[in-house]
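Biologist: Please take one part of this model and walk me through it closely. I would like to follow the open sheet and what surrounds it.

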Amino acid sequence: MAMGSVIWAFAVSLLLLQSCSSVSGAKRTYIVHMKHHQKPSSYATHHDWYSASLQSLTSSTTAESLVYAYTNAYNGFAASLDHEEAEALRQSDDVLGVYEDTVYTLHTTRTPQFLGLDSALSLWAGHSPLELNQASQDVIVGVLDTGVWPESESFDDTGMPDIPSRWRGECESAVDFNPKIHCNKKLIGARYFSRGYHMAADKPVTESESPRDHDGHGTHTSSTAAGSNVRNASLLGYASGTARGMAVHARVATYKVCWTSGCFGSDILKGMDQAIADGVDVLSLSLGGGSGPYYRDTIAIGAFTAIERGIVVSCSAGNSGPTKASLANTAPWIMTVGAGTIDRDFPAYATLGNGKKFTGVSLYSGKGMGEKMVGLVYSKGNSSSSSGSSNLCMPGSLDPSFVSGKVVVCDRGVNARVEKGAVVRDAGGVGMILANTEASGEELVADSHLLPAVAVGRKMGDLIREYVKTESNPTAVLSFGGTVLNVKPSPVVAAFSSRGPNMVTPQILKPDVIGPGVNILAAWSEAIGPTGLAKDSRKTKFNIMSGTSMSCPHISGLAALLKAAHPEWSPSAIKSALMTTAYTVDNTNSPLRDAADGSLSSPFAHGSGHVDPHKAISPGLVYDATPDDYIAFLCSLNYELDRIQVIVKRPNVTCARKFTDPGQLNYPSFSVLFGKSRVVRYTRVLTNVGAAGSAYQVAVDAPSTVTVTVKPSKLVFKNVGEKQRYTVTFVSKKNAVVGGNAFGSITWSNVEHQVKSPVAFSWTRL
């Protein structure tokens with residue numbers, strides 16, 4: 001049957017469907033994947049084809065039902081459909097898949113120095129600081145987030161040259177956003193995408209549609225990646241200094257895809273679609289959802305097209321740690337970023353009536369409590385509500401007659417930390433000790449509370465709770481220590497940072513790296529207070545936040561610097577450089593530790609380690625991978641061809657080349673699964689990006705339960721760009737514990753370089 005006839009028959013079947021007596025349910029947004037290359041010649045554009053496909057499908061007009069038509073990141077469209085209409089689309093020969101829209105969630109003055117970006121720039125790959133600055137002015141970082149506060153000094157364009165002529169983006173006009181005033185040579189793009197959000201909203205949308213950031217998150221991440229220098233920056237006196245982004249001379253383009261109800265997949269996909277068309281060099285997404293197959297992962301699908309176009313995609317790993325297997329954004333073509341601490345802290349103190357003084361953290365900036373001890377209460381069992389949540393200081397749970405004039409101990413968990421402080425204040429409390437439970441361990445995150453408040457770890461929290469329980473007249477006073485630098489040990493892996501193993505593809509080790517993500521100062525929206533609470537009327541130009549949302553743009557900015565220094569490098573080469581040069585010891589020269597319980601961290605938590613930009617700029621060797629390599633990887637997962645086509649968007653994709661094991665992908669790290677076989681063998685290819693005539697010797701670190709053999713043990717590269725192959729054989733010994741994990745590394749080194757790959761070993765139950 002001719003394609004035009006297929007469309008006609010399809011339309012007729014939809015008309016018949018609509019005439020049936022069954023009542024359609026509520027409409028929802030669906031993302032529809034079309035057989036892109038089968039567009040009938042009778043339609044001038046794919047958009048026309050999509051419109052025709054919908055014309056007879058709904059009682060609404062096409063304009064109402066068609067949410068988005070995608071051009072770059074996806075072959076298809078998003079539409080508002082009821083269940084029956086979606087099912088009818090699934091039956092069409094022109095449709096590869098129909099997927100319901102999903103919601104994704106949002107996951108500085110010190111970090112440049114901590115990363116070593118303020119010194120020895122002349123050593124960067126032979127570039128002078130001037131050359132590197134000029135090169136980075138041609139690099140464009142696209143940020144998908146909650147928008148931007150354009151008045152921030154972090155987007156000042158003083159001294160910047162004209163916008164690169166290749167830039168195809170724009171700044172969109174809105175009631176509160178004037179492109180002529182709010183965009184410049186630094187902030188060169190500002191767009192917003194809200195149709196998916198509108199379709200999902202079950203009540204009238206009151207949020208203004210604009211690129212403007214009313215949340216703060218997007219301004220924070222954008223300025224972290226590529227903000228300009230701002231002197232005398234601080235959060236109400238905390239963390240004072242000069243704020244700057246990682247790629248301080250790069251351009252910023254912001255794509256607002258997140259709204260009060262969350263970040264909808266259809267909007268994210270359109271944002272990625274537009275960013276690719278606009279010409280960004282790096283995409284930064286501090287957001288994510290649950291893990292699932294790649295053909296159902298909006299971000300993974302859009303990212304594949306991006307890396308085909310040479311765009312580096314950096315995404316946050318998620319904030320669901322220390323739970324195992326809690327990662328988001330696990331596709332191997334994405335840079336998956338976890339979070340660590342930096343060497344700056346904000347100490348605060350809780351002194352009890354028995355004379356004991358406990359150290360915690362806080363960003364409280366008010367008048368304080370003074371020096372007089374007041375009553376201390378732990379409100380468990382003294383609730384003014386029937387919820388039984390008084391120990392958590394949930395809204396409405398505290399009895400004012402019990403807590404008024406006192407310091408309240410609140411357990412961390414369930415509701416926001418800053419909300420607990422507001423609940424205590426509103427009930428008449430004069431201070432709060434926020435005490436961790438087992439879930440958060442010893443991790444401390446500072447917050448800009450509305451009343452005097454100190455956050456303490458689980459062990460100290462248990463001692464304080466015991467004091468309140470056993471003392472007849474417990475008392476306390478809180479005090480604050482400001483900003484402290486050169487804290488040891490650091491970095492430490494954040495307890496909230498999501499962990500491996502990678503449940504989508506266990507043979508790919510994730511996260512890839514960690515970066516600064518705890519107590520990070522960056523620009524902020526003046527539409528909202530630093531706590532983000534509606535009752536917080538304070539305004540500040542900078543805020544301190546924590547999360548993998550904060551670590552992701554650090555790596556995005558570093559990727560921009562590497563792109564400037566090495567414009568010929570592929571996204572996978574840039575990723576490899578950041579991974580193989582990462583470090584796994586802290587500033588006391590001890591192995592990285594985990595904030596959750598103080599134990600030694602593992603590659604399931606820190607990946608290859610903490611990024612080191614100075615070493616990454618000259619890694620010596622890289623593990624490169626092409627889009628065709630990723631297709632061979634997808635084929636090894638035994639996906640059906642039409643599902644692979646959803647991701648790679650090629651008309652005649654085949655699995656003529658297929659890895660026998662997903663772990664055969666030329667990845668900079670290893671994840672070895674021992675199951676039916678005690679022997680796993682992988683081949684890797686290294687590309688010389690250092691000097692001609694370089695030789696590297698291998699060193700292996702392996703647990704006692706595994707024998708590791710690498711052949712050859714020496715690699716010699718005569719020329720720059722030359723590739724050399726090696727094979728590594730992992731053999732499990734009989735003393736290995738089924739269900740257990742162990743870790744090691746493979747390092748290729750010479751006098752100038754160390755190219756290190758972590759190895760995770762897992763013994764799976766058959």
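Modeller: What follows goes through the sheet, then a helix linked to it, then a few backbone details. The model is predicted, so local features need pLDDT of at least 70, side-chain atom pairs count only at pLDDT 80 or more, and totals for chains, interfaces and linings use all residues. Residues are numbered from 1 along each chain as its sequence is written, and side-chain values use heavy atoms, with hydrogens and water left out.

Start with the sheet. It is open and has seven strands, in the order β7-β10-β6-β13-β15-β16-β26, with parallel pairing. β7 (187-192) and β26 stand at the edges. Each has a single partner strand, so one side of each is left without a neighbour in the sheet. From one strand to the next, the twist averages 25 degrees. Strands here are DSSP E runs of at least two residues, helices are H or I runs of at least four, and both are numbered from the N terminus. Two strands pair if DSSP finds at least two bridges between them.

Five bridges join β7 to β10 (residues 251-256), and the two run parallel. Leu-187 has Val-252 in β10 as its bridge partner.

α16 touches β15 (312-316), β16 (335-340) and β26. Contact means heavy atoms within 4.5 Å. The direction of α16 makes about 25 degrees with that of β16. Axes are lines fitted to C-alpha atoms, for helices over the stretch in contact, and angles run from 0 to 180 degrees between N-to-C directions.

α16 (571-580) also leads us to α19, whose buried residues pack against α16, α11 (298-308) and α20 (641-648). α19 (residues 627-636) is mostly covered, with eight of its ten residues buried. Among them are Tyr-630, Phe-633 and Leu-634. Buried means under 20% relative accessible area, exposed over 50%, and partly exposed in between, with a 1.4 Å probe and protein chains only. Just after α19, Asn-638 takes a positive phi of about 60 degrees.

Asn-519 lies in the loop between β26 and β27 (520-523). Its phi is positive, about 55 degrees, although it is not a glycine. Asn-519 is buried, at 3% relative accessibility. Asn-486 has a positive phi of about 60 degrees, and it is exposed at 53%. Pro-511 lies in the loop between β25 (484-485) and β26 (513-516). A cis peptide bond joins Lys-510 to Pro-511, with omega about 0 degrees.
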